[in-house]
Amino acid sequence: GRWGQKKPQAVRPRTVRNYYGYLRTFFRWLVSEGYCDCSPMERLKPPIARPDQIQPFTAEQIEALRRAARQSHNPHRDEAIVLFLLDTGVRASELCSLRVRDLDLGNNRCTVLGKGNKRRIVYFGRDTKKSLWRYLQSRPVEENEPLLLSMRGTLAGDPLTRAGLLQLIERLGVAAGIQGVRVSPHTFRHTQAVSFLRNGGNVFSLQQLMGHTDLSMTRRYLAL
């Protein structure tokens, strides 16, 4: 149960490598300041952390998620979330921070606030546009309010949180009967990136759409 998690889970290899780097730097500082004679980290080999190869959703799984969203307690919102994630590949935090004013339905695009407070424009298709329009028509909206609202429990009416989004996607995955693929907001991001490349897109355009500062991060999708 690290970091207060209720469900203990294995640490990813990349996280282990990061911990190794933090400890090595810390002990080297202790040695340089005279607090100890040698660093125990120097005798440990750096852990191997291969890039994650998250499998994208198949076309059948995507359709199953859409059906599950249409049959949920909040079909307009949930289907809009599924389609928006598939079309744009935005991060979970970026989706939850969206405001109504960020949408430009007339031009099928949206302004996203990404890492480092950098804004970028992402685009979506006709089905996503229709779904977003139906969702906005289902409730009174103002330009400055959050785009996505929580509809369950004590947080009903508040902005949808990352934890709430994760729980929603997991529920849809169970309802859709998806197995063998991690059902999470980040899997939608991988699916969008791989689909973009398979349909003739280039890594430079994908880098801009995904909000990557380093092209090497975008190249990981080529492995799939």
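1. Tyr35 sits in the loop between helix 1 (13-32) and helix 2 (59-70). Helices here are DSSP runs of H or I with at least four residues, and they are numbered from the N terminus. Tyr35 is exposed, at a relative accessible area of 60%. The classes are: buried under 20% relative accessible area, exposed over 50%, and partly exposed in between, with a 1.4 Å probe and protein chains only.

2. A word on the source. The model is predicted: local features need pLDDT of at least 70 and side-chain atom pairs count only at pLDDT 80 or more, while totals for chains, interfaces and linings use all residues. Residues are numbered from 1 along each chain as its sequence is written, and side-chain values use heavy atoms, with hydrogens and water left out.

3. Together with Phe26 and Trp29, Tyr35 makes a nonpolar surface patch of about 380 Å². Patch residues have over 30% relative accessible area and no salt bridge; nonpolar side chains (Val, Leu, Ile, Met, Phe, Trp, Tyr) are joined within 5 Å, and like charges within 9 Å.

4. Helix 1 has 20 residues and reaches 29 Å from its first C-alpha to its last, close to the 28 Å expected at 1.5 Å a residue. The expected span is 1.5 Å times one less than the number of residues. Its buried residues are Thr15, Tyr20, Gly21 and Leu30. Gly34 follows helix 1 and has a positive phi, near 85°.

5. How many salt bridges does the structure hold? There are 11 salt bridges, each being a side-chain nitrogen of Lys or Arg within 4 Å of a carboxyl oxygen of Asp or Glu. A network of them links Glu63, Arg66, Arg70, Glu79, Asp127 and Arg134.

6. Arg70 in turn meets Glu63 through a side-chain salt bridge (3.5 Å, N to O). Arg70 is partly exposed at 38% relative accessibility, and Glu63 is partly exposed with a relative accessible area of 33%.

Technical notes: Accessible areas come from the Shrake-Rupley method with a 1.4 Å probe; for residues, only the protein chains shown count as cover. Helices (H or I, at least four residues) and strands (E, at least two) are DSSP runs, numbered from the N terminus.
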